[in-house]
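Subject: Model for you to look at

Hello,

Here is the structure I promised to pass on. My notes follow below it.

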Amino acid sequence: MSVRDNYTMINIREYLALGTDEEVGEPALVRMLSDFSCPKNPDVEYFLKKNAIEFTKKNQSVTYLVFSNDEGELIGYFSIALKPLTVRGETVSNTVKRKLLRISELDEKSQTYTMSAYLIAQLGKNFAEGRNNRITGAEMLELAWSVIEEMQYMGGGMVVFLETNNDDKLLKYYNNNRFSQFDTRQTTSKEQESHELVQLLRLL
C-alpha cells in the first residue's frame with residue numbers, strides 16, 4: 001500500500017496473498033472490480049475485470065488500484081509490465097539515442113535499439129457513480145509514474161512507454177506529459193478488428 005496526498009494505491013497482490021478469504025482476499029477483490037465502469041474505453045474495463053488478476057498471478061503485469069482517501073472508493077487503476085522494446089533510431093533525437101545506448105543493444109545494420117522497458121499497459125478511471133471526477137487523468141498518470149520511479153530505484157532502467165489510440169486529444173494529453181511518439185503498430189486482438197495504436201516513450 002502506498003499513500004500519496006489524496007489517494008491510496010494498492011497492489012492487487014496484497015489481496016491475492018490473502019487467498020480465498022471472502023472479506024479481504026481474492027473473492028473480495030473480484031467483487032470490488034465488478035463495480036468498475038469505463039464506458040469511454042471498454043478495453044480498460046475488460047482488462048481489469050477479466051485479465052488483471054490472472055496476469056498478476058502469472059507475472060505478466062501488476063495492477064494497482066487507486067482509492068480516494070476521503071471516501072475510500074475505487075476511482076481508478078493502472079497496470080505496469082516489463083517488456084522488450086525496439087526503437088528505430090530514425091524516430092528519436094540524437095540526445096535520446098545517446099541515452100538509449102546506455103541500456104540497449106544497438107543493431108548497427110538496422111539502426112535499432114533493443115532494451116527492456118516499463119510499459120504502462122493500462123490506465124483508466126472509474127466512471128461508476130461519477131467517481132471519475134475525483135481524480136484527473138494527469139494525476140492518474142503521475143501515480144503510475146511514481147511507482148515506476150520506485151521500480152527504477154530498485155532495479156534500474158530508463159525507458160517508459162505506452163500505446164494509445166490514434167486520437168488527437170489523447171496524443172496531445174500524452175505529449176503535454178512529456179511522452180513522444182516513436183512508432184505505431186497494428187493490434188492483433190481476437191475480440192475486435194485490427195486498428196492502429198500509437199507508441200510513445202518517455203525517459204526516466
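R178 sits in the loop between α6 (168–176) and β8 (180–186). Helices (H or I, at least four residues) and strands (E, at least two) are DSSP runs, numbered from the N terminus. Phi of R178 is near 70°, positive although the residue is not glycine. R178 counts as exposed, at 60% relative accessibility. The cut-offs are under 20% relative accessible area for buried, over 50% for exposed and partly exposed in between (1.4 Å probe, protein chains only).

Some ground rules. This is a predicted model, where local features need pLDDT of at least 70, side-chain atom pairs count only at pLDDT 80 or more, and totals for chains, interfaces and linings use all residues. Residues are numbered from 1 along each chain as its sequence is written, and side-chain values use heavy atoms, with hydrogens and water left out.

N59 also has a positive phi, near 60°, and is not glycine. N59 lies in the loop between α3 and β3. N59 is exposed too, with a relative accessible area of 58%.

Now α3 itself. α3 has 16 residues and reaches 23 Å from first C-alpha to last, close to the 22 Å expected at 1.5 Å a residue (1.5 Å times one less than the number of residues). α3 bends by about 60° at N51; the bend is the angle between axes fitted to the seven residues ending there and the seven starting there. Its buried residues are V44, F47, L48, A52, I53 and T56. Their cover includes α1 (13–16), α2, β3 (62–68), β4 (74–88) and β6 (112–125).

How do α2 and α3 pack? Helix α2 (residues 26–34) meets helix α3 (residues 42–57) at an angle of about 145°, with the axes 10 Å apart. Axes are lines fitted to C-alpha atoms, for helices over the stretch in contact, and angles run from 0 to 180 degrees between N-to-C directions. E26, L29, V30, L33 and S34 of α2 touch L48, K49, I53 and K57 of α3 (contact means heavy atoms within 4.5 Å).

Overall, the protein has six helices and nine strands. Its C-alpha trace spans about 55 × 35 × 35 Å along the principal axes. Buried residues make up 42% of the 204 residues. Among contacts between residues at least 6 apart in sequence, 62% join residues at least 24 apart.

Best wishes
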